[in-house]
Each structure stands twice: as structure tokens, then as C-alpha cells.
Amino acid sequence: MKQLEGQVAIISGGARGIGEGICKVFCEAGATVALWDVLDQGAATAEAIEADGGSIFFQKVDVTSADSVNSAVAEIIEKYGRIDILINNAGIIRDRSFMKMSLQEWNLVMNVNVNSLFVTAKAVLPHMKAAGYGRIVSASSVNAEAGAFGQTNYSASKAAIQGFTRSLCKEVGRYGITVNCVAPGFIETEMTASIPDHIIAAGIKMIPVARIGTPEDMGNAYLFLASKGAGFISGTTLHANGGAYPS
Ligand code: NAD
């Protein structure tokens, strides 16, 4: 039997990048996946994974909107009667040095990266509690702890996700629900595509495994924390960065 056979997983921000990698790995592990994204591209991503044998469907969801999230959750419950896994992967950057950063750039990043967790966790937790089982895994970042020039908004948002995780795990553990984070390092996606080649090459020199990470690498990190076997691991952050941090 496959690791996630019979389980239903929501993966936000699944249209591309790391989210797409998580969708592929979870489908290969036997889960039925609800791919959430604001991009219509999510439909084509889901179709391609389905063509490879995955059980996956696209829902156009904005994770900052309670109406959008609640109606998608209601549809899943009506069709499948369960939600075992919530992966909060959707996230954005609006990089700018702090002196030049606008309040709008600050608020936008906080809203998508942090406030969305309030919305999505609120929507799925009653179902997980009723089932006595759940796995919530959210996207932090190496820069939550390491910091990065031009990312005061992003680093603060990714650190907030770790604090949210450590507190929520204390409230819901008794219902069989674990809450964790993955902190990706340097991963090849659209988010990092604008970085010049020489900076990528310099970055790789700092990574002990001597390569940039892939969306599938991240999919495997999420799979571990989302699996039944990880039931004694909660409130933690899994650093997935090829050994670059902390060291
Ligand atoms: P990406 O930009 O390629 O993909 C993010 C996805 O989230 C996109 O498909 C986007 O449409 C979706 N999204 C954005 N706002 C949304 C909203 N309001 N509702 C629903 N979907 C929304 O990014 P990525 O590189 O794949 O990163 C995925 C996650 O991993 C992010 O949270 C990011 O902060 C984190 N992360 C990435 C890296 C990296 O090196 N790429 C490193 C550390 C952490």
C-alpha cells in the first residue's frame, strides 16, 4: 500500500514551482490532491499530473479569502468526506530594501504568507478534529532565520509561520493533528528564476550537496512530515537546504 493511499490532501500554490513538485510527489504516494492556486495555470498542471496517473483536481482558490477557501473545503468534504493533509505552500515575495519598502509591499506579503494560515487552518481544523487525525505543513524559509537583504517583509512573514506552527501544535496535538514547517533553501522555481546566473553559481558554492534544490526535493520533505509515521513530530521546522544552514 502506498504511503498516502486513501488520503485527501490540499496543496496551496500548486500551479507551479515547489507546489507542483509537492503535488507530483503526493500523487505518486497515492493521495488524492486538491490543487489550490490563484493562477489558471493550476488546471493545466493538474491535467498533466492526472495524465501521469495521479488523482488530482484543480480548485481556483485565493488563500487570503475566507469565502474562497471555505467554499473549496465544502466541495472537498461533500465529494470525499475528509481532509487529511493541509499543505500551506502558497507564498509571495516583494523584495526591496527596508528604507525603500512601501507599507503596501509589507502588507501584501504578510497577507498572503501569514494571514492566509489563519484562513486555511480555520477551515480544515474542524474536519481534522472530527476525524481525530490531521497533518498541517506550512512553507517557511531558510531566510526566516538567516535573514536576507531586501527581505524584511518576507523574512518576518516566514518567521511568523514558525511561531504559528509552534503554538497551534500545542492546541491540536490531542486530536491527532500535527503542525510543522518546511524551510526550503535555494530551490529552482519561478520565484528564483530572476536571479542572475553568477549569483546562482556563487550560491551553489555555499551548498554542501553542491547543487540547487528541486521542487521534487521539497515534495519529499513535505511528504515525510505529512506521513502517518511522522506522528510524534510536531511544532518543528524541517530545514531542507542541502546543508547550507544552519552550519
Ligand atoms: P512560486 O512563486 O513559483 O509559486 C508560488 C505559488 O503560490 C504560485 O503558483 C502562486 O500563484 C501561488 N499563490 C500566490 N498567492 C496565492 C494566493 N493568494 N492564493 C493561492 N495561491 C497563491 O514560488 P515557489 O518558489 O514555488 O515557493 C513556494 C513556497 O516556498 C513559497 O511559500 C515560498 O515562500 C517558499 N520558499 C521558496 C524558496 C525558493 O527558493 N523557491 C525558498 C524558501 C521558501
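What is the handedness of the crossing of H4 and H6? The crossing of H4 and H6 is right-handed, a crossing being called right-handed if the near helix is turned clockwise from the far one by less than a right angle, and left-handed if anticlockwise.

## Basis of the description

This is a predicted model, in which local features need pLDDT of at least 70 and side-chain atom pairs count only at pLDDT 80 or more, while totals for chains, interfaces and linings use all residues. Residues are numbered from 1 along each chain as its sequence is written, and side-chain values use heavy atoms, with hydrogens and water left out. Helices (H or I, at least four residues) and strands (E, at least two) are DSSP runs, numbered from the N terminus.

## Packing of H4 with H6

Helix H4 (residues 103-131) packs with helix H6 (residues 152-172) at an angle of about 20°, and their axes are 8 Å apart; axes are lines fitted to C-alpha atoms, for helices over the stretch in contact, and angles run from 0 to 180 degrees between N-to-C directions. H4 and H6 are therefore roughly parallel to each other, since angles under 35 degrees count as roughly parallel, over 145 as roughly antiparallel, 65 to 115 as roughly perpendicular and the rest as oblique.

On the H4 side, the residues making the contact (heavy atoms within 4.5 Å) include Trp106, Val109, Met110 and Leu117, and on the H6 side they include Tyr154, Ile161, Phe164 and Leu168. By class, this contact of H4 with H6 has 14 nonpolar, four polar and two charged residues, where Ala, Val, Leu, Ile, Met, Phe, Trp, Tyr, Cys and Pro count as nonpolar, Asp, Glu, Lys and Arg as charged, and the others, Gly among them, as polar.

## Helix H6 and its surroundings

H6 has 21 residues and reaches 30 Å from its first C-alpha to its last, close to the 30 Å expected at 1.5 Å a residue, the expected span being 1.5 Å times one less than the number of residues. Among the buried residues of H6 are Tyr154, Lys158, Ile161, Thr165, Leu168 and Val172; buried means under 20% relative accessible area, exposed over 50% and partly exposed in between (1.4 Å probe, protein chains only). The cover over the buried residues of H6 includes H4, strand S5 (134-139), helix H5 (142-146), strand S6 (177-184) and strand S7 (237-240).

## Packing of H3 with H4

Helix H3 (residues 66-80) also packs with H4, at an angle of about 25° and with the axes 9 Å apart, which makes H3 roughly parallel to H4. H3 passes H4 in a right-handed crossing. The contact involves Ala66, Val69, Asn70, Val73 and Ile77 of H3, together with Val119, Thr120, Ala123, Val124 and His127 of H4, and its residues divide into seven nonpolar, three polar and no charged.

## Loops and backbone features

Asp52, in the loop between helix H2 (41-51) and strand S3 (55-60), counts as exposed at 72% relative accessibility. The C-alpha atoms of Asp52 and Ile195 are separated by 31 Å, the two residues being 143 residues apart along the chain. Ile195 lies in the loop between S6 and helix H7 (197-205) and is partly exposed, with a relative accessible area of 26%. Leaving aside neighbours within four places in sequence, Ile195 is in contact with Phe186 and Ile200.

Ala210, in the loop between H7 and helix H8 (215-226), has a positive phi of about 60° although it is not a glycine, and Ala210 is exposed, with a relative accessible area of 54%. The peptide bond from Tyr245 to Pro246 is cis, with omega near -10°, and Pro246 is placed in the segment after S7.
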